[in-house]
Amino acid sequence: MKCGIQLRCISNISLRYISFYSRLRKMKFVTLSQTKNLMPTVGLGTWQAPPEVIETVVYKALDLGYRHIDTAFNYNNEEAIGNAIKKWISDGKGTRQDLFITTKLPHVGNRASDVKKFLELQLRRLQLDYVDLYLIHVAFGFHCDPEKLTPLVKPNGEYELDMDTNHVETWRVMEQCKQEGRIRNLGLSNFNEDQISKIVKEATVKPQVLQVELHAYFQQMALRKFCDEHDIIVTAYAPLGSPGAKDHFVSKYNYSPDTFPDLLGLPEIKQIAEKHSKTPAQILLRFLVQQQIVVIPKSTSEHRLKENMGIYDFELLPAEVNVLKKLDKGEKGRIFNFLFWKGVEKHPEYPFKLSGLDATQT
Ligand SMILES: NC(=O)c1ccc[n+]([C@@H]2O[C@H](COP(=O)([O-])OP(=O)(O)OC[C@H]3O[C@@H](n4cnc5c(N)ncnc54)[C@H](OP(=O)(O)O)[C@@H]3O)[C@@H](O)[C@H]2O)c1
């Protein structure tokens, strides 16, 4: 009899543990305002992932449990991502409804008259009837080479700025596309507080998501508070400090290599990682997700794809969160200032304050 009670106690306790851990392990979601759609808190970033690589990677990621993919017109890989999604669904592994696909209106299409043209092209490339989230990629706009769909560049290397960028007009067409069922949710990327406020004031569908650079060195506390007050979910791009950006910016734009952060190598992060038997990347991602921020780490390695998903079975302690919060460098921590597009800072909607912004430039 005594033994039976003991067994029941043990099984109750283990059941509680099982349910606790399975809850933590499960893919988590945030709920978007207005539509109440669920957005997975870990997505796969795909910048710098060439088409011939990303097709296999997306298929593998979906098999591993990823349900959220982040792409953009400018990443030149929408078609390959579309192929992977189509194959995964036709192989019977899941349905379109299981997935959350984000793409972005490019700088060269940042005007009301171009929204439908780009969205239709992107949907064709993705081989989808709708995207779950469509973001205006950047606040500024460039004039477009109509053949190549790339920015027009002047002989002196400066980009041809479209000085007539009007966010509210562009947003209105995005709202129409939502109404027509081609977009499920609307958002912005690389916009500042004033720019978002203007849209919030005029919009019927308020911005639901803001995608910005966000990591331990650049925690965007003020912007996050603003988003919280307006029921806007924040997605962190470069959540690992974008280790791949260094080679790209150094080779393509002649940036100085010394100025790029090495968040994964920080002793504070390594120490916390050891305590939890986790990797530095998992600590950086968990730090953000634990604060209701969506993360979209990019990886093309199967091993790291798995690693970046393995962040739901542990929790950072308040003291550890504080250590991480103290790493914030404010504006000096920003990597992506877009000054590599020569002359962009002269655009009336260039979103960032320039003081301290040229830290990464030679
Ligand atoms: N809206 C925007 O303007 C904007 C700007 C930048 C990025 N984004 C989006 O945000 C995504 C993420 O940003 P990001 O790609 O710049 O930076 P990130 O995700 O912080 O870092 C990606 C880099 O880290 C490496 N990596 C991934 N997982 C790792 C791990 N567990 N341990 C060690 N290294 C790891 C990757 O290499 P491997 O591939 O070799 O693993 C890659 O070089 C992009 O891919 C893109 O979808 C948006």
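## Ligand site

In this predicted model, 29 residues lie around the ligand (a heavy atom within 4 Å). Asp 70, Leu 240, Ser 242, Ser 299 and Arg 304 come nearest.

Polar contacts are pairs of N or O atoms within 3.5 Å; within protein, one must be able to donate a hydrogen and the other to accept it, and residues adjacent in sequence count only if both atoms are side-chain atoms. A polar side-chain atom of Asn 190 sits 2.8 Å from a ligand oxygen. For Leu 240, a polar backbone atom is 2.8 Å from an oxygen of the ligand. Lys 298 places a polar side-chain atom 2.9 Å from a ligand oxygen. On its own the ligand has 900 Å² of accessible area (Shrake-Rupley, 1.4 Å probe). The protein covers 89% of that area.

## Helix α5

Helices are DSSP runs of H or I, at least four residues, and strands are runs of E, at least two, numbered from the N terminus. Helix α5 covers residues 167-179.

At the start of α5, a side-chain oxygen of Asn 166 reaches to within 3.2 Å of the backbone nitrogen of Val 168. After the helix comes Gly 181, with a positive phi near 90°.

## Basis

Numbering runs from 1 along each chain as its sequence is written. Local features need pLDDT of at least 70, side-chain atom pairs 80 or more, while totals for chains, interfaces and linings use all residues, and side-chain values use heavy atoms, without hydrogens and water.

Terms used:
Expected span 1.5 Å × (residues − 1).
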